[in-house]
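Subject: Handover of a structure

Dear colleague,

Please find the structure for your review below.

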Amino acid sequence: MNTVIGNDIKEAQYFLEKGELVAIPTETVYGLAANAMNDEAVIKIYNAKNRPQFNPLIIHVPNIESISKYAYLDNLSTTLANAFMPGPFTLLLPKKQLISDVVTAGSTKVAVRIPKHALTQALLQQLAFPVAAPSANPSGYVSPTTAEHVYKGLNGKIPYILDGGATSVGLESTIVEVQNQEVVVHRVGGVNVEAIEAIIGKPVVFQLTHQQPNTPGQLKSHYATTTPLLVGNVEQLLTKFEGKKIGIISFSKSYANIPSAQQFILSPNADLAEAAKNLFSVMRLMDEKNLDIVLAEKFPNEGLGRAINDRLNRAQHFMKEV
Ligand code: TXA
Ligand code: MG
């Protein structure tokens with residue numbers, strides 16, 4: 001199959017209506033979209049990504065009103081939706097019957113998101129159906145933040161990539177679920193936990209650690225680079241890997257004695273939003289440099305720093321012996 005990159009919403013709509021896959025830009029990462037009401041189309045997502053069928057998909061809708069066509073919204077979830085949607089935020093809700101088990105991998109809950117990206121907003125408003133869309137990368141690799149990233153991973157497997165430029169947030173949505181009036185965070189992401197707590201007036205509950213297939217964002221090798229990656233105190237780690245070709249991912253500072261081409265500073269001004277935006281492309285760049293190992297700083301564990309640490313830690317899981 002010939003994969004075309006373009007910015008024509010009509011073209012994207014044409015393929016989605018035909019039951020084909022289209023990569024779409026969102027403000028978090030690019031998604032690999034299919035008509036969520038068409039099981040055959042949705043199965044193509046699992047095949048193109050080589051994604052296990054037990055790992056459910058987020059559905060994307062244009063506005064809050066359309067959520068209740070597909071899921072049941074309680075009061076607290078509605079409050080959260082009003083505060084954070086559209087945006088880098090996903091709500092896990094009890095599904096209505098018309099949402100297929102193929103989308104939810106058999107779960108009675110469906111994850112729903114309203115992307116803010118203008119192109120995809122315009123596209124979703126044209127469609128008569130929601131789109132199911134995981135990140136548009138082969139399963140187990142770093143999520144794509146540009147159309148070129150998508151092309152590298154899925155070239156030949158999908159007909160169209162809707163190019164909306166580099167994504168502005170740069171890492172995936174925050175996934176939450178209301179359980180017994182508590183707000184449970186399943187995946188830290190583009191909306192800060194602190195912002196959620198400010199809205200609900202109490203602490204959230206974290207459920208990030210499970211390895212069960214039905215727990216969001218928790219498959220082991222989810223963000224793996226092929227180069228081994230270690231997170232920690234870089235100064236200390238450097239002494240352990242003397243003689244190796246080392247790459248460094250740092251927040252704002254540079255390190256003496258490491259060639260500058262092997263160092264990636266995510267934000268010279270120490271701005272977490274800028275760092276988040278650059279993280280995944282830097283992880284990809286690292287993989288092109290034939291390094292023995294990448295050492296990454298631990299980021300401040302607040303705001304987007306939590307999500308950055310989460311993604312770096314998960315990439316670390318994939319580490320081979322160094
Ligand atoms: O920012 C994002 O959320 C991006 C863009 C494209 O919207 N999407 C994304 O999708 O990151 P994906 O599939 O790469 O990650 C979604 C996570 C997965 O870990 C999946 O297991 C979980 O959400 N998930 C989806 N539906 C679920 C459900 N019904 N129950 C539990 N977990 C669910
Ligand atoms: Mg993903």
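**Findings**

Just after helix α7, Gly156 takes a positive phi of about 90°. Helices (H or I, at least four residues) and strands (E, at least two) are DSSP runs, numbered from the N terminus.

This is a predicted model, in which local features need pLDDT of at least 70 and side-chain atom pairs count only at pLDDT 80 or more, while totals for chains, interfaces and linings use all residues. Residues are numbered from 1 along each chain as its sequence is written, chains are lettered from A and ligands numbered from 1 in the order in which they are written, and side-chain values use heavy atoms, with hydrogens and water left out.

Helix α7 spans residues 147-154, and Ala147, His149, Val150 and Leu154 in this helix are buried. Buried means under 20% relative accessible area, exposed over 50%, and partly exposed in between (1.4 Å probe, protein chains only). These four residues of α7 cover an arc of only 155° around the axis, which puts them on the same side of the helix; the arc is that of the directions from the helix axis to the C-beta atoms. Their cover includes β1 (4-6), β2 (22-24), β3 (31-35), α2 (39-49), β8 (160-162) and α10.

Helix α1 (residues 9-17) has Ile9, Ala12, Gln13, Phe15 and Leu16 buried. Their arc of only 165° around the axis puts them on the same side of α1. The elements they pack against are β2, β3, α6 (118-126), β7 (131-132) and β8.

As to the sheet, eleven strands form an open arrangement in the order β1-β8-β2-β3-β7-β4-β6-β5-β9-β10-β11, with mixed pairing. Each of β1 and β11 (205-206) stands at an edge with a single partner strand, so one side of each is left without a neighbour in the sheet. Two strands pair if DSSP finds at least two bridges between them. Strands β2 and β3 run antiparallel and are joined by three bridges; Ala23 stands opposite Leu32 in β3.

The largest nonpolar core has 75 residues, and those with the most contacts inside it are Leu80, Ile196 and Leu312. Helix α10 (residues 272-287) supplies the largest share of this core, eight residues. A second, separate core of 16 residues includes Leu16, Val131, Ala133 and Leu162. A nonpolar core is a set of buried Ala, Val, Leu, Ile, Met, Phe, Trp, Tyr and Cys residues joined through side-chain atoms within 4.5 Å. Neighbours within four places in sequence aside, the residues in contact (heavy atoms within 4.5 Å) with Leu80 are Met85, Phe89, Leu91, Val176, Val178, Val183, Ile196 and Ile200.

Ser254 lies in the loop between β13 (246-250) and β14 (263-265). Ser254 is exposed, with a relative accessible area of 53%. Not counting residues up to four places away in sequence, Ser254 touches Gln263 and Ile265.

For the chain as a whole, the secondary structure comes to eleven helices and 15 strands. The radius of gyration is 19 Å, close to the 20 Å that the globule rule gives for 322 residues, so the chain is as compact as a globular protein of that length. This radius is taken over C-alpha atoms, and the globule rule is 2.2 Å times the number of residues to the power 0.38. Of the 322 residues, 57% count as buried.

Kind regards
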